[in-house]
Amino acid sequence: MAKDLTCQGKIDMQALEDRHKELEKAWNDLLKERREFEARIHTLEQQEKQFELKWDLLIQETQKLAEDKLQFERKKKFFDQVQAHSVEPYVAEDNIVHGEMFFSGVTTPKALKKRYKDLIKIYHPDGESGDTATVAEINREYEDLKNQM
């Protein structure tokens, strides 16, 4: 009977050790899941911060665009009034639009470069509304403003 108790004790110890290993593995799996979950939370927080920064930038640029639009409308109204009250109607030579109008409201070199690229896409001679003289005027004004900044 003593032999049976020692065998039973060995079996119980083996079962306890097996159960301990199972619990330890489950614990390690839970820890791994927790680390992955925390990493996902961190990633989402970083993405949220980036989104907020981009959103703020978008709002600022939209406000600048609205201000530029108002300035443009004021200048247009002024030139319309000048043209309406002048004896000789204002006609640009060869339909060249002067560069000051293209770059109005631009205050930074980065904005200047972006506006320049956009204008060249629109007025390039190979395009639909392309005009060599207008592109030359844009290039001249761009160089002047770039040197000033």
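A salt bridge is taken here as a side-chain nitrogen of Lys or Arg within 4 Å of a carboxyl oxygen of Asp or Glu. By this rule the count comes to 10 salt bridges. The structure is a predicted model, in which local features need pLDDT of at least 70 and side-chain atom pairs count only at pLDDT 80 or more, while totals for chains, interfaces and linings use all residues. Residues are numbered from 1 along each chain as its sequence is written, and side-chain values use heavy atoms, with hydrogens and water left out.

**Salt bridges**

Side chains of opposite charge can pair when their charged atoms come close.

| Pair | Closest N and O atoms |
|---|---|
| R19 and E22 | 3.4 Å |
| R140 and D144 | 2.9 Å |
| K146 and E143 | 3.7 Å |

Helices are DSSP runs (H or I, at least four residues), numbered from the N terminus. R19 and E22 both lie in helix α1, 3 residues apart, or about one turn of the helix. R19 is partly exposed, with a relative accessible area of 45%, and E22 is partly exposed at 48%.

The other two tabulated pairs belong to helix α4. R140 and D144 are 4 residues apart in helix α4 (residues 132-148), and therefore separated by about one helical turn. R140 has a relative accessible area of 38% and is partly exposed; D144, at 32%, also counts as partly exposed. K146 counts as partly exposed because its relative accessibility is 39%, and E143 is partly exposed with 36%. Salt bridges that share partners join E137, R140, E141 and D144 into one network.

**A negative patch**

E45, E48, E52 and D56 form a negative surface patch. A patch of this kind is made of residues with over 30% relative accessible area and no salt bridge, like charges being joined within 9 Å. Asp and Glu count as negative, and Lys and Arg as positive, whereas His and the chain ends are not counted. The place of a charge is taken as CG of Asp or CD of Glu. Accessible areas come from the Shrake-Rupley method with a 1.4 Å probe.

E52 counts as partly exposed because its relative accessibility is 40%.

Technical notes
Patches are made of residues with over 30% relative accessible area and no salt bridge: like charges are joined within 9 Å, nonpolar side chains (Val, Leu, Ile, Met, Phe, Trp, Tyr) within 5 Å. Buried means under 20% relative accessible area, exposed over 50%, partly exposed in between (1.4 Å probe, protein chains only).
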